[in-house]
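Subject: The model, and what turned up in it

Hi,

Here is the structure I promised to pass on. Please have a look at it first, and then read my notes below.

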Amino acid sequence: TKCESGCVCADGLYENLNGKCVPAEECPCEYGGLSYGRGEQIQTECEICTCTKGKWKCVQKSRCSSTCNLYGEGHISTFDGQRFVFDGNCEYILATDGCSINRPVSSFKIVTENVICGKSGVTCSRSISIYLGNLTIILRDETFIISGENPSVRYHVKTNALHLMFDIIIPGKYNMTLIWNKHMNFFIKISRGTEETICGLCGNYNGNMKDDFETRSKYVASNELEFVNSWKENPLCGDVYFVVDPCSKNPYRKAWAEKTCSVINSQVFSACHNKVNRMPYYEACVRDSCGCDVGGDCECMCNAIAVYAMACLDKGICIDWRTPEFCPVYCEYYN
């Protein structure tokens, strides 16, 4: 309706983020607050997306994977995305197959052993056992022990300053990547080439989070504690009847916990905020930071923040959040 002074791009050209006029083929794409040039790719667990004329074109991967997280003092996010917290001083089955009545033979079983690590009764995952037929891998005390053998299973171990990683292939059935931070955090990433059902605390991996609390007896529990108690490895262990709230037991720690965990809500992670809901991770961080009151205070807090950073990385957003003063990673000896 009226003239406005200013600059516009000529017909057929478009302004990019640097203020230059470029043809459509050279338009960048945006994801998580970052700019990607023509032809650049990002990957999620199920898709590969390529930047084409300023828009993402996504192709479904032939194999789609899903991840179950066990972290901090009993926080679990199942393969289908259900979240819950439990405190239990026992061994629990995280994931196994052979759950259907007509195919009861299992080719793998992953068990977590919890120990109490705070005066308020909170527990931390300290020991993980992986059973692959006659092959057993035990993760404990920041190292691992392998015993027995299974010629039909292929595995490869990788290490870095922070993690132990196991790539495990059960031919025709599963490709698994297991990542352990040598302390409290454990991730199970599975892609499967079989319709075999999976069960355990990591859920049934059927794409529906509403029925993830399926017990060992094949019914959906009314609450997470009933569900957790059904997956005890040793039936003689005591049941869990309530979930401890460490911040109400240690109110003097709450202000410190909220302050240190607030980095998750800060600008540091802003590129990830619209990709991964930060509130469950912030609440888990505060809970763990209140609960770790017998040493390892900062480790609990840093582990919880690292889980959010890893969730961001799964969405293609890499956050450089550690500093020499905040959750530093020390160089390996003489490295």
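The lining of the largest cavity has 4 nonpolar, 4 polar and 2 charged residues; here Ala, Val, Leu, Ile, Met, Phe, Trp, Tyr, Cys and Pro count as nonpolar, Asp, Glu, Lys and Arg as charged, and the others, Gly among them, as polar. Those lining residues are Ile198, Cys199, Gly200, Gly203, Asn204, Asp212, Glu214, Thr215, Phe227 and Trp231. The volume of this cavity is about 40 Å³, and the count comes to 1 cavity of 30 Å³ or more.

Before going further, a word on the source. This is a predicted model, where local features need pLDDT of at least 70 and side-chain atom pairs count only at pLDDT 80 or more, while totals for chains, interfaces and linings use all residues. Residues are numbered from 1 along each chain as its sequence is written, and side-chain values use heavy atoms, with hydrogens and water left out.

As for the terms, the search runs on a 1 Å grid over the protein atoms alone: a cavity is a set of points where a 1.4 Å probe fits but cannot get out, a pocket is an open set with protein on both sides within 12 Å along at least five of seven lines, and lining residues have an atom within 4 Å of a point. Grid points are joined across faces, edges and corners, and a volume is the space filled by probe spheres set on the points.

Now to the largest pocket, which holds about 1,200 Å³ of space. It is lined by 42 residues, and the closest to its centre are Leu162, His163, Asn181, Ala306 and Arg322. By class, the lining of this pocket has 22 nonpolar, 9 polar and 11 charged residues. Which element gives the largest share of the lining? That is helix 6, with 11 residues. Strand 17 (164-170), strand 18 (174-180), strand 19 (186-192) and helix 6 (297-314) each supply at least two lining residues. Helices (H or I, at least four residues) and strands (E, at least two) are DSSP runs, numbered from the N terminus. Seen by domain, the pocket lining draws at least three residues from each of domain 2 (65-230) and domain 3 (246-315).

The domain bounds come from an automatic or database domain assignment, which gives domain 1 (13-60), domain 2 (65-230) and domain 3 (246-315). The contact between domain 2 and domain 3 takes 18 residues from domain 2 and 17 residues from domain 3, where contact means heavy atoms within 4.5 Å. The C-alpha centres of domain 2 and domain 3 lie 23 Å apart.

For the chain as a whole, there are 6 helices and 20 strands. The C-alpha atoms fill a box of roughly 80 × 55 × 50 Å, taken along the principal axes. Of the 335 residues, 45% are buried; buried means under 20% relative accessible area, exposed over 50%, and partly exposed in between (1.4 Å probe, protein chains only). Among contacts between residues at least 6 apart in sequence, 48% join residues at least 24 apart.

A few single residues may also interest you. Two have a positive phi although they are not glycines: glutamate 142, at about 65°, and lysine 182, at about 70°. Glutamate 142 is in the loop between strand 14 (135-140) and strand 15 (143-147), and counts as partly exposed because its relative accessibility is 47%. Lysine 182 is in the loop between strand 18 and strand 19, and with 18% relative accessibility it counts as buried.

Threonine 197 sits in the loop between strand 19 and strand 20 (198-199). Its relative accessibility is 36%, so threonine 197 counts as partly exposed. Not counting residues up to four places away in sequence, threonine 197 touches Thr96, Asp97, Gly98, Cys99 and Ser100.

Serine 77 belongs to strand 9 (residues 75-77) and is buried, with a relative accessible area of 8%. Leaving aside neighbours within four places in sequence, serine 77 is in contact with Thr67, Cys68, Asn69, Gln82 and Arg83. Serine 65 lies in strand 8 (residues 65-71) and, at 12% relative accessibility, counts as buried. The C-alpha atoms of serine 65 and leucine 225 are separated by 27 Å, and the two residues are 160 apart along the chain.

Best wishes
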